[in-house]
Every structure is written in structure tokens, then in C-alpha cells.
Amino acid sequence: MSDEQKSLQQIIDFRIEKLNKLKEDGVNPYPTKYEPTHFSESIKSNYNELEGKTVKVAGRIMAIRKMGKASFAQIMDSEGRIQFFIKRDSVGEAVYSHFKLLDIGDFVGVEGEVFTTKTGEISIRTAALTVLAKSIRPLPIVKEKDGEVFDAFSDKEQRYRNRHLDLILNPEVKETFIKRASIIKTVRNYLDDLGFLEVETPVLQPLYGGANARPFTTHHNTLDQTLYLRIADELYLKRLIIGGIDRVYELSKDFRNEGMDRSHNPEFTMLEFYWAYADYEDCMNLVEELFREAAIKVDALQVDWGGMDIDLSKPFARKPIFELLNEATGQDLSKSSDDEIRSICKEKGVDVSDSANYGQMLDELMSKLVEPKLIQPTFVVDYPKATSPLAKAHRNGDPNLVERFELFIGGAEFANSFSELNDPIDQRERLEAQAVLREKGDDEAQPVDESFIQAMECGMPPTGGVGIGIDRMTMLLTGNRWIKDVILFPALRPEK
RNA sequence: GAUCCGGUAGCUCAGCUGGUAGAGCAGUGGCCUUUUAAGCCAUUGGCCGUGAGUUCGAGUCUCACCCGGAUCACCA
């Protein structure tokens with residue numbers, strides 16, 4: 001009996017039997033079309049006008065309560081659920097017998113007048129019942145009373161592996177993805193209105209760059225060429241800035257061949273935009289407004305994120321990284337040597353590898369001591385040059401700093417931005433320094449992209465650039481703590 | 001990658017210090033013409049994640065592996 005469990009097969013067999021009975025009785029269980037006139041929730045909210053009127057609704061049967069010669073059942077459509085009442089004396093023996101062959105999970109069309117039952121539930125008194133699709137595999141049964149849910153379909157593995165069931169049975173899932181679409185639409189509209197041009201750049205790249213991460217590798221047969229799935233769009237978008245597209249953005253899937261956890265999925269959605277003649281402060285203002293705009297659209301100006309009350313309505317804080325680090329360590333790290341910083345790491349119980357350089361140690365101190373405390377939206381500004389090979393040196397003349405910010409909310413990073421480096425000689429030196437790191441075994445350091453540097457040598461205007469993790473933004477604005485809950489089909493190990 | 005927790009019927013779960021696998025829902029057969037976790041009677045359904053081991057005997061104990069989750073590590 002193949003790999004199906006016996007009892008499941010039994011259920012399926014029964015359903016196929018019913019399917020065949022319907023066919024034998026001249027019912028097409030899979031017709032081509034049905035035209036509903038109304039949806040469930042709008043019927044309820046417009047009851048005063050619709051009472052006694054005939055409506056047609058279509059949806060999936062989610063509950064059946066049979067009482068001999070009359071029954072109640074509930075169908076779910078795109079708006080919600082509504083109950084219909086079906087009586088043998090009203091629809092006739094034949095139709096009623098067809099109804100009795102239906103199961104939870106089947107699609108039906110119901111036509112009848114709107115009324116209220118004795119117990120006060122707005123319902124449809126069925127005059128005509130149309131089978132729209134018979135299901136043969138059972139749905140998990142979830143019941144509910146007074147807001148309390150029984151036997152919830154809650155196993156995370158099952159939910160992610162069977163997203164269709166998750167969507168049917170856990171209404172908040174659909175809600176999250178409706179909001180996700182709304183957030184993305186808001187982002188697009190916002191940038192479009194400012195004159196940014198949306199573009200598409202290669203996913204398959206001969207050389208990857210624009211971030212520090214390990215890539216996925218693939219191979220083009222005809223070209224007999226190794227290609228990488230992009231880890232960022234940055235270098236291509238800057239070529240467009242060089243080419244004269246002064247405001248440009250891309251909403252794209254990026255791919256990073258790294259660990260997975262509650263905030264990392266191997267493929268994820270990233271917004272990057274580049275803005276000629278602007279600097280990182282302009283970008284900061286834009287990002288702040290963009291977040292607020294999106295939050296308003298999905299009603300999340302104040303949002304509970306895993307017990308943290310995040311307030312996006314107030315101006316975001318802006319703090320230099322060394323101010324935060326100095327507060328956290330009680331030392332002026334901007335004036336400390338590598339060895340001094342190493343001993344501070346030790347003192348504060350922050351693990352760093354022996355080979356960690358200045359930038360990596362500061363990174364580590366930030367992520368252990370500072371970032372978890374950045375609950376309300378905070379722009380951390382003015383990063384050390386060592387970890388920012390694509391950012392412009394700070395205008396204040398400090399040779400160790402670049403004009404860069406990262407946005408932290410609820411202890412997590414949401415955006416990364418800088419005044420883009422447009423000095424081709426400096427850029428070449430910095431990428432070559434990355435290449436040295438690479439040779440020393442840092443497989444996340446970026447390779448030198450000669451054609452990118454050559455493009456920059458043709459002249460690149462001063463530019464502000466930003467990357468925003470759209471999945472994380474969605475997590476925040478929908479109150480979800482797991483990236484898997486904002487990605488419809490998150491990466492999972494294959495089922496054996 | 002490390003540690004911990006979990007995997008038992010289609011679903012949600014119980015199963016004590018080893019002694020022949022349980023409930024509710026769903027399903028099936030009845031009864032039931034205003035129910036709503038509908039109800040009542042009867043009833044089907046298990047490679048107890050996989051594989052070894054210990055034992056007279058393993059869902060239960062040991063080991064390995066697979067899948068998921070949590071924490072940490074790695075990582076924007």
C-alpha cells in the first residue's frame with residue numbers, strides 16, 4: 001500500500017468512493033466556473049441590506065453539523081467564514097444526498113437568502129448547492145469556541161512543509177503575508193514617488209561582492225563558467241549610478257551560503273537603493289520616513305515585538321558607534337590599540353578569535369554589549385573604516401572613520417548605509433586589502449571586482465546607498481519573531 | 001558545528017519505576033429538520049522517527065542516525 005499510512009489511505013478511499021457516487025449521480029465534482037456575488041464577511045457587515053436577499057458565495061467547507069434531514073455547514077472564502085443551512089425539504093432529496101457526500105475541505109458554491117438563525121448567527125438558507133471541487137485528502141480539524149482554539153495546527157515543521165494547510169487553518173498567516181505585500185508596495189510607491197527607477201540586475205554573477213558573505217556557487221554549461229548567486233546588488237547598482245541613473249533601486253532575492261536561524265534564511269529579500277548627490281544623512285532621513293510610512297500602512301507604529309514595545313512614531317535616535325562603545329566599556333576605544341581592545345574584550349567576556357582584527361573586535365563588542373540594548377529605533381553612525389570597504393571616508397577628517405550608519409530596532413539590524421566611496425584609487429586599495437584578508441583565509445572578504453573599479457574610474461558622483469532587509473522589516477511590522485513566519489516557503493532540510 | 005528538548009492513529013495529545021498500544025477530534029454505520037468544539041449509540045484505524053543493542057520481554061533503558069524546535073557558535 002505504498003508509503004501511505006493505512007488509516008489515511010482508508011479515509012482517502014472513502015472520499016474517492018463518495019466522489020464516484022457523485023459522478024454516478026450526474027454531478028460534476030470539478031466544474032470549471034462559479035460566480036459568487038458576495039463574500040462572507042461583507043454579508044455579515046451588510047446584513048441590514050442583505051437580509052432576505054439571495055446571494056451566491058463560494059468557498060471551502062470547514063465544518064459540518066448534520067442533524068438528519070437538515071444540516072449546518074460553514075464555508076471559508078477569501079474574507080472569512082459564513083454558515084449555511086441546508087434542509088432536505090428545501091433543496092430536495094437528490095441535492096441533500098449530494099450534500100451528505102461532502103466532506104470538510106470540499107469547495108462548494110451556495111445560493112440562498114441571507115437570514116439569522118435562532119441562535120443569532122447570520123447564515124445562508126441554501127436554495128442551490130453546487131459542488132466546486134471534491135477533496136480526497138483530509139484536512140487537520142481545528143475547532144474553536146469563544147476564541148479558544150482546540151487542536152490547533154501548530155507543529156512548526158508541518159506548518160512550514162505544508163504551507164497550504166497552514167494558510168487554511170491559521171488565519172494570522174495569511175494576514176502576515178497580506179501585510180508583507182502591503183509593506184513592499186509601500187516601499188515601491190515611496191521610492192517611485194521620489195523618482196527612483198526600479199531595475200533588475202543579474203542574480204547569476206561571474207563575481208560576487210557588495211557584502212561580506214559566502215556565496216552559493218553554480219555553473220553555466222555552455223559558457224563552462226562558474227557563476228555565483230548574488231549576495232548583494234550593490235556593485236551593479238553603482239554601475240547604474242555611474243551610468244547616469246541618479247536614483248535607482250532594486251527589490252531582490254539575495255543568497256548567502258550561511259547558517260540558518262530565526263533571523264537568517266539562505267535566500268532573502270533585500271532592498272537596495274542608490275541616490276546620486278546625496279549622503280548618508282539624507283539616506284537616514286529617507287529610511288526613517290520609509291519605515292514610518294510602511295508602519296502606518298500596516299498599523300504598526302507601535303508594535304509589540306517579542307515583548308518589546310517598539311515605537312516607530314518618534315524620531316529615531318542617532319548615535320556614533322564610539323559613543324556607544326565607550327559607554328558600554330568605560331574606555332575610549334577610538335584611541336585604543338588592537339591589544340588594548342583585545343584585553344577589553346577579554347575583560348567583558350566577549351569571545352574573539354586570536355586572528356580577529358580591529359574591526360572584527362569592535363563588531364564583536366557591538367553585537368555583544370551594545371546592539372541587544374538598542375530596542376527603540378537607533379541609527380548607529382560613523383563606523384570604523386576597517387569593516388567598511390565600500391564606504392567613503394568621513395568628512396570630519398578622521399582617517400579611521402567612514403560615513404556609514406546601521407539601523408537597529410529591537411536589538412536587530414534593519415538597514416546598512418553609507419556615503420558611497422567614489423574615489424577609484426581609494427576603492428582599489430580597499431578591495432585589494434580585502435583580497436589580502438581573503439588570502440589569509442577570511443572566506444567572507446570580498447574579491448576584487450576589476451570591472452567595477454574600472455567603471456568607477458570613469459567617474460561616479462557622490463552617492464548615498466542603503467540596504468534594507470525586507471524580511472526583517474516585515475517581521476518587525478507584523479510582530480513576528482521568526483523569519484520563517486514571513487517567508488511563505490522557508491528553507492528546510494529535505495524530508496527524508 | 002555544540003548542548004538541551006521533542007518525534008506515539010489523518011490532527012491534537014496521554015502512556016508511571018520495562019509486562020499484549022490509549023483518549024478527544026476526524027473517518028465509517030445508525031438516530032436526529034435551527035446547530036455552532038452540535039449531541040447520542042456503535043465502530044475502523046498504529047513499522048510508537050529509523051537502525052542496532054541490553055532483556056524472557058522495549059513506546060519506555062543504551063548507542064548511532066534522520067527530522068524539527070530552543071540556546072549557543074558561525075554569520076549582516
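T217 is exposed, with a relative accessible area of 52%, where exposed means over 50% relative accessible area for a 1.4 Å probe and protein chains only, buried means under 20%, and partly exposed lies in between. The residue is found in strand β10 (residues 217–220); strands (E, at least two residues) and helices (H or I, at least four) are DSSP runs numbered from the N terminus. Leaving aside residues up to four places away in sequence, T217 touches T226, L227 and Y228, contact being heavy atoms within 4.5 Å. P206 lies 11 residues from T217 in sequence and 9.8 Å from T217 in space, C-alpha to C-alpha.

## Basis of the model

This is a predicted model, in which local features need pLDDT of at least 70 and side-chain atom pairs count only at pLDDT 80 or more, while totals for chains, interfaces and linings use all residues. Residues are numbered from 1 along each chain as its sequence is written, chains are lettered from A and ligands numbered from 1 in the order in which they are written, and side-chain values use heavy atoms, with hydrogens and water left out.

## The open sheet

An open sheet with mixed pairing is formed by 8 strands in the order β8-β12-β13-β20-β19-β18-β17-β16, two strands being paired if DSSP finds at least two bridges between them. Its edge strands, each pairing on one side only, are β8 (197–198) and β16 (317–320). Strand β13 (residues 267–276) pairs with strand β20 (residues 463–469) in the antiparallel sense over 7 bridges, and L271 stands opposite I468 in β20.

Helix α10 (residues 280–297) packs on this sheet, touching β13, β16, β17 (378–381), β18 (404–409), β19 (412–419) and β20, and its direction makes about 20° with that of β18. Axes here are lines fitted to C-alpha atoms, for helices over the stretch in contact, and angles run from 0 to 180 degrees between N-to-C directions.

## Two helix pairs

Helix α14 (residues 424–439) and helix α15 (residues 450–457) pack at about 165° with their axes 9 Å apart, and are therefore roughly antiparallel, a term for angles over 145 degrees, just as roughly parallel applies under 35 degrees. In this contact P424, Q427, R428 and L431 of α14 meet E450, F452, I453, M456 and E457 of α15.

The axes of helix α12 (residues 338–347) and helix α13 (residues 358–370) come within 10 Å and cross at roughly 25°, so these helices are roughly parallel to each other. Here D338, I341, R342 and C345 in α12 meet Y358, M361, L362 and L365 in α13.

Notes. Angles under 35 degrees count as roughly parallel, over 145 as roughly antiparallel, 65 to 115 as roughly perpendicular and the rest as oblique.
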